[in-house]
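My entries are below, in the order in which I made them.

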Amino acid sequence: MPTLAPSLNNCLLISGLMFACGLFCVLGRKNSVSLLMGVELILNAANLNLVSFGTFLYPKTFYHGHCFAIFVIVLAASETAIFLAILLSLYQYQEKVDVDEVHALKG
Amino acid sequence: MMEAIDVFFWIFGLISCGSALVVAFSPRLIHSVFALFFCFFGVAGLYAILGADFLAAVQVILYIGGILVLLIFGVFLTNRLSEKHLPNPFTHWKSAAILSVLMLALVLTFPAPWRMTVAGSKSNDQVAGSSPREGVEAQSPTVSGRTPLGAVPVHVFNTTTPIGVHLLTTYVIAFELASILLLVAMIGAASIARKEVH
């Protein structure tokens, strides 16, 4: 029976919706910054999953999920920095950051 | 009967999901970025409701204070601002929508073991006890009168102490690797983004 309380299934529902939005952002957007935003949405959904699994399935040792979430946040931060550096040099190089326009490396 | 924590849970959940939808479907880039702000904020609220106070603070400081500012930088530095609206067009949006909806359906209907346990509270300690980690006690500290899976366990202590202890003991190798990764990312970003010197 579905409950309205903050349960594991409800958390998974919210994070699943966020994941689907992020996936659409990654697959269906033209701008690279929008693509990066989709990746951030997916990582946030994964983080929410980690925290809710830790909280609801392992109430004694929930902080392991928090530690994993912290590592994911570290990865997201460094990924954003690198992505923006690549984006800036790409913009200096060809004045466009749309993913359809970047085909200089295509074989 | 909705208690206050349920109301706040769904408010933050709606903020997160609604702004995630705006991020995905807004026709203007700058609207997407500012919707992402609300999405991060809603996730921080969900962390706080789930008892992750340290992660909620980290979410606000790092995501909103750091990553979002970087994203706004990226938007403003890679667009001609003389165009008024900064349009954000779609590409392959039909196949992307189909794939996203399929993935959402798959995620929501995946027959995972934790889904079976939600109906009754009896099988909860079966699943948790069969894990390699230490078994969950049958009566974990929960809000009174609810099943263990249907309620947020009440942590009466803060989570910063166990996180700090475990980061520096159990996960110390991953911690050091993450610090090396951050250093490499910083140097790499600086060297990629600098101007070419002839």
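The notes that follow go from conventions to the chain contact, and then to single helices and their pairs.

**Conventions.** I am working with a predicted model, in which local features need pLDDT of at least 70 and side-chain atom pairs count only at pLDDT 80 or more, while totals for chains, interfaces and linings use all residues. Residues are numbered from 1 along each chain as its sequence is written, chains are lettered from A and ligands numbered from 1 in the order in which they are written, and side-chain values use heavy atoms, with hydrogens and water left out.

**Chain A against chain B.** I looked up the contact (heavy atoms within 4.5 Å) and found 74 residues of chain A touching 90 residues of chain B. The two chains bury about 7,700 Å² between them, 77% of it on carbon and sulfur atoms; buried area here is the accessible area, with a 1.4 Å probe, that two parts lose on being put together, summed over both. On the chain A side, A:F24, A:R29 and A:M37 lose the most area to chain B, together 9% of what that side buries.

**Helix α3 of chain A.** Helices are DSSP runs of H or I with at least four residues, numbered from the N terminus. Just after α3(A), A:E95 has a positive phi of about 65°.

**α3(A) with α3(B).** The axes (lines fitted to C-alpha atoms over the stretch in contact, with angles from 0 to 180 degrees between N-to-C directions) of α3(A) and of α3(B), residues 53-77, come within 10 Å and cross at roughly 10°. That makes the two helices roughly parallel, a term for angles under 35 degrees, with over 145 counting as roughly antiparallel. Among the residues that meet are A:L84 and A:Y91 in α3(A) and B:L62 and B:Y63 in α3(B). Their contact has 18 nonpolar, three polar and no charged residues, where Ala, Val, Leu, Ile, Met, Phe, Trp, Tyr, Cys and Pro count as nonpolar, Asp, Glu, Lys and Arg as charged, and the others, Gly among them, as polar.

**α2(A) with α3(A).** Helix α2(A), residues 32-57, packs on α3(A) at about 175°, with the axes 9 Å apart, and the pair is therefore roughly antiparallel. This contact divides into 14 nonpolar, six polar and two charged residues.

**α1(B) with α2(B).** The axes of α1(B), residues 4-25, and α2(B), residues 29-49, come within 8 Å and cross at roughly 155°, so I noted them as roughly antiparallel. Their contact has 16 nonpolar, seven polar and no charged residues.

**B:I72.** I found B:I72 in helix α3 of chain B, where it touches B:V33 and B:F34, not counting residues up to four places away in sequence.

How values were computed:
Angles under 35 degrees count as roughly parallel, over 145 as roughly antiparallel, 65 to 115 as roughly perpendicular and the rest as oblique.
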